[in-house]
Amino acid sequence: EQEAKTEELYKKVRGVLNKLTPQKFTTLVSQVQSLPIDNSERLQGVINLVFEKAVDEPSFSVAYAGMCKILSGMQVPGEQQENVNFRKLLVNRCQLEFEKSPDLELNKEAKMREIEECTDPDKRKELQLLMEDEERRMRMKSVGNVRFIGELFKLGMLTTNIMIRCIKQLLSTGYEESLECLCKLLTTIGKDLENKNQDLSPYFDKMREVSLKRGEVSSRVRFMLQDVIDLRQNKWIPRRDDSNPKTMDQIQKDAEKEVLETQMILNSVPQTPPR
């Protein structure tokens, strides 16, 4: 009976998330607040649903982060009789996703071995395409995660220290996927960090150095790095003028357009990162 109630709860949350738009935001978040989320398992389950949706649809991450901000104070009894709250569990989930190794999750070495050992040319090509598709999906997920983390930071859900640690870690790996995530994160929160008197110059010096390494980093990622460097030099004002107030419909259209642009970018085959 309890499992059936939990499944019914998740079904209702999925229904709300599928309908979440700027126009219906307040009504739908109120619906989630009124649901029987009364133990840590259910609270974690709801957080997982919101998190996955935010990562899969980064263009709507502002709305999902806003929802999390409102729900952040929600708390339920934990296993050790102490209360656990929405914000703490959400931060843990973001951290877990951020620290995952893409190669390990993809089981890349085993898949590469399988491709190399395959003698059938058609089967080999199929395996190669499947792995590339899986890599694209993982890149999209990583970019979605850092965009969501950035939006949570802007709403005061994450600290400046956490953001600086994320920037350092993304810059230190050398993977193209990490550099792509770094660009998305700085585009989202760079202005806010500098407004909090954070000196980002050392990180941008390193980015400039990486962007000049022809052959070691793909042109696509080098252009991404240069775009963020230019954005900072332009005092974080994007090339398009987004300063005028927008209607809810314009926000929706912009988000949908960004989804298409992101898919086009991510459909390009990435260069294998240097080890």
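1. Start with Arg42. Arg42 is buried, at a relative accessible area of 4%. (Buried means under 20% relative accessible area, exposed over 50%, and partly exposed in between, with a 1.4 Å probe and protein chains only.) Arg42 forms a salt bridge with Asp38, and their closest N and O atoms are 2.8 Å apart. Asp38 is partly exposed, with 42% relative accessibility.

2. Note what the model is. It is predicted: local features need pLDDT of at least 70, side-chain atom pairs count only at pLDDT 80 or more, and totals for chains, interfaces and linings use all residues. Residues are numbered from 1 along each chain as its sequence is written, and side-chain values use heavy atoms, with hydrogens and water left out.

3. How many salt bridges are there? The count comes to 15. The rule asks for a side-chain nitrogen of Lys or Arg within 4 Å of a carboxyl oxygen of Asp or Glu.

4. Look next at the pair Lys5 and Glu1. Their salt bridge has its closest N and O atoms 3.7 Å apart. Lys5 is partly exposed, at 44%. Glu1 is exposed, at 73%.

5. Glu151 and Lys154 form another salt bridge, with the closest N and O atoms 3.8 Å apart. Both sit in helix H8 (residues 121-154), three residues apart, so about one helical turn separates them. (Helices are DSSP runs of H or I, at least four residues, and strands are runs of E, at least two, numbered from the N terminus.) Glu151 is buried, at 8%, while Lys154 is partly exposed, at 40%. Elsewhere, salt bridges that share partners join Glu52, Arg93, Glu97 and Lys141 into one network.

6. Now helix H9, residues 160-173. H9 has 14 residues and reaches 21 Å from its first C-alpha to its last, close to the expected 20 Å. (The expected span is 1.5 Å times one less than the number of residues.)

7. Which residues of H9 are buried? They are Thr160, Met163, Ile164, Cys166, Ile167, Leu170 and Leu171. They lie on the same side of H9, because their arc around the axis is only 155°. (The arc is that of the directions from the helix axis to the C-beta atoms.) On the other side of H9, Asn161, Arg165 and Ser172 are exposed.

8. What covers the buried residues of H9? The cover includes helix H5 (86-98), H8, helix H10 (176-195) and helix H11 (201-211). (Contact means heavy atoms within 4.5 Å.) After H9 comes Gly174, with a positive phi near 85°.
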